[in-house]
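Subject: Structure for your review

Dear colleague,

Please find the structure below, together with the sequence.

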Amino acid sequence: QSLRYAREVSLARGCRVQAVIFSNDFYFMQDADCDSSSYSRTTYTQPLMRQDQSQRLEYLQFDQDGHDPIALANQILVIDPAGEILQDRAGSLVDIATLTLSVGSRSFTVHGDTAYVQ
């Protein structure tokens, strides 16, 4: 549900959204300068807020105490405003056909070319 919401935000605002996924946690960040012409992990500095703007869109609050969350992530996905989900591999974006992910006890499949989540 959160990934679907992030996709809708990306499409509506025309900005990429980064999904940082761990084995039991996730959070979303927006491209702060909304420049989708190039990719750099460091431009994702603006937290994606829940629809009511009350708090960050995240599952559990990741304990960042002394750790770089990007380095510890299981997966980093980037939702493109063109309606695709791309995978960050070592700082470069690559196309994905389908990708099955698990967060906690939940599993879901992402279809990269359509950004469909099931």
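Two rings of Phe, Tyr or Trp are taken as a pair if their centres lie within 6.5 Å, and planes over 60 degrees apart count as edge-to-face. By this criterion, three aromatic pairs are found in the whole structure. In one of them, the ring centres of Phe-26 and Phe-28 are 5.6 Å apart and the planes stand at 70°, so this pair is edge-to-face. Phe-26 and Phe-28 are both buried.

Please note that the model is predicted. The mean pLDDT of the protein chain is 81, and 81% of the residues score at least 70. Among the elements of the chain, β6 has the highest mean pLDDT, at 92, whereas helix α2 (residues 69-72) has the lowest, at 66.

The sheet

Six strands make up an open sheet with antiparallel pairing, in the order β3-β2-β1-β4-β5-β6. At its edges are β3 (44-47) and β6 (92-95), each of which pairs on one side only. On average, and ignoring direction, neighbouring strands of this sheet are turned by 40° against each other. Helix α1 packs on the sheet, where it touches β1, β2, β4 and β5, and the direction of α1 makes about 5° with that of β2.

The pairing of β5 and β6 can be described in more detail. Strand β5 (residues 84-89) pairs with β6 in the antiparallel sense, over four bridges. Leu-86 stands opposite Asp-95 of β6, and Gln-87 has Val-94 of β6 as its bridge partner. The two strands β5 and β6 form a hairpin with two residues between them, and Ala-90 in the turn has a positive phi of about 55°.

The nonpolar cores

The largest nonpolar core has 20 residues, of which Leu-3, Phe-28, Leu-77, Ile-85 and Val-110 touch the most other members. At least two residues of this core come from each of α1 (2-13), β1 (17-21), β2 (26-31), β4 (75-80), β7 (98-103) and β8 (106-111). Another core, of nine residues, lies apart from it and includes Phe-22, Tyr-27, Met-29 and Val-78.

Which residues does Val-110 touch, not counting those up to four places away in sequence? The contacts of Val-110 are Leu-3, Leu-77, Ile-85, Ile-96, Ala-97, Thr-98, Leu-99, Leu-101 and Tyr-116.

Yours sincerely

Terms used: Residues are numbered from 1 along each chain as its sequence is written. This is a predicted model: local features need pLDDT of at least 70, side-chain atom pairs count only at pLDDT 80 or more; totals for chains, interfaces and linings use all residues. Side-chain values use heavy atoms; hydrogens and water are left out. A nonpolar core is a set of buried Ala, Val, Leu, Ile, Met, Phe, Trp, Tyr and Cys residues joined through side-chain atoms within 4.5 Å. Buried means under 20% relative accessible area, exposed over 50%, partly exposed in between (1.4 Å probe, protein chains only). Contact means heavy atoms within 4.5 Å. Two strands pair if DSSP finds at least two bridges between them. Axes are lines fitted to C-alpha atoms, for helices over the stretch in contact, and angles run from 0 to 180 degrees between N-to-C directions. pLDDT is the predictor's confidence in each residue, from 0 to 100. Rings of Phe, Tyr and Trp (its six-membered ring) pair if their centres lie within 6.5 Å; planes under 30 degrees apart count as stacked, over 60 as edge-to-face and the rest as tilted.
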